[in-house]
Amino acid sequence: MVARIAKLAGYNLGTNLNSSGDALEFYSFHDKWVDPFFFAQCRGGTLTTWQSTQMKEDFYAALARHIPEPERRGTTRWGWKAPRSIYLLPFLYAQFEQLKFIHVLRDARDMALSQNQNQLRKHGRAVLQWRNRLFRSMPERSALVWEKVNLRAADFAESNLRENYLRIRFEDLCAKPLETTVQILNFLQAAVDPGPISRAEISPPESLGRWRKYSQGIISKVEARAATSLRRFGYLD
């Protein structure tokens, strides 16, 4: 939804996209670099000099495939949608000091109880300590990944990106489509009528609030693992 709003606001988001609007040119880059970069960051370290150089080269190669440099030079508004960018925010900020970042949150309980656990499968080893990987259920592990990744991104963005950072909740986009679309368009500095966009582009999925169908025992475990972030982002009192 947010990617479609950005495109209607005049942003070039590339052409090699999947059905969700994800930029496919960054897929292999994320597969290669999310784990070592995030693992090092979480432990207060850095990549080696060779790794840092290679990561930067791989990123700019992916970016050149996504939107060629001459096209970027001739376009004032460009970017990409790639959910795993959230793991690499400090790296991306180091490349682009004027980076604008839209942080889209969805309730950790919905995410932890989804059939789609690609984030946990791909990056759980880099994000979670071994005890949590071994002794927590899949929904608990998923909630722990959600908490750690989103808290680190929010902390970094609030401190460094400041006015170039926008955090929105998926639930608010669905419940208040016009108001949230206005927020996004204002952040993108796009003089576009939000009414037609919000009516045409925003449609709440049936999976919204799926966590409510589960037993209180499962929900309580998920909430316990992600309590800090659920409260910070307004999902728990």
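A polar contact is a pair of N or O atoms within 3.5 Å; within protein, one must be able to donate a hydrogen and the other to accept it, and residues adjacent in sequence count only if both atoms are side-chain atoms. The model is predicted, so local features need pLDDT of at least 70 and side-chain atom pairs count only at pLDDT 80 or more, while totals for chains, interfaces and linings use all residues. Residues are numbered from 1 along each chain as its sequence is written, and side-chain values use heavy atoms, with hydrogens and water left out.

**Exercise 1.** Find where R106 sits, and decide whether R106 is buried or exposed.

*Solution.* Start with the place: R106 is in the loop between β1 (101-105) and α6 (108-112). Helices (H or I, at least four residues) and strands (E, at least two) are DSSP runs, numbered from the N terminus. Next, take the relative accessibility of R106, 15%. Buried means under 20% relative accessible area, exposed over 50%, partly exposed in between (1.4 Å probe, protein chains only). R106 therefore counts as buried.

**Exercise 2.** Work out whether S198 is buried or exposed, and what S198 is in contact with.

*Solution.* First, locate S198 in helix α12 (residues 194-201). Its relative accessible area is 7%, so S198 is buried. Now follow the side chain, which reaches the backbone oxygen of G195 at 2.9 Å. Contact means heavy atoms within 4.5 Å. Leaving aside neighbours within four places in sequence, S198 is in contact with P177, L178 and T181.

**Exercise 3.** Say which residues touch the most other members of the largest nonpolar core, and which element gives the most to this core.

*Solution.* Begin with the term: a nonpolar core is a set of buried Ala, Val, Leu, Ile, Met, Phe, Trp, Tyr and Cys residues joined through side-chain atoms within 4.5 Å. The largest core has 48 residues, and F59, W80, Y87 and L88 touch the most other members. Among the elements that give two or more residues are α2 (27-42), α3 (49-66) and α9 (138-161). Of the elements, α9 gives the most, with 11 residues. Then zoom in on Y87: not counting residues up to four places away in sequence, Y87 touches V34, F37, F38, Q119, H123, V127, V145 and V149. A second, separate core has 17 residues, including A9, L166, L173 and I184.
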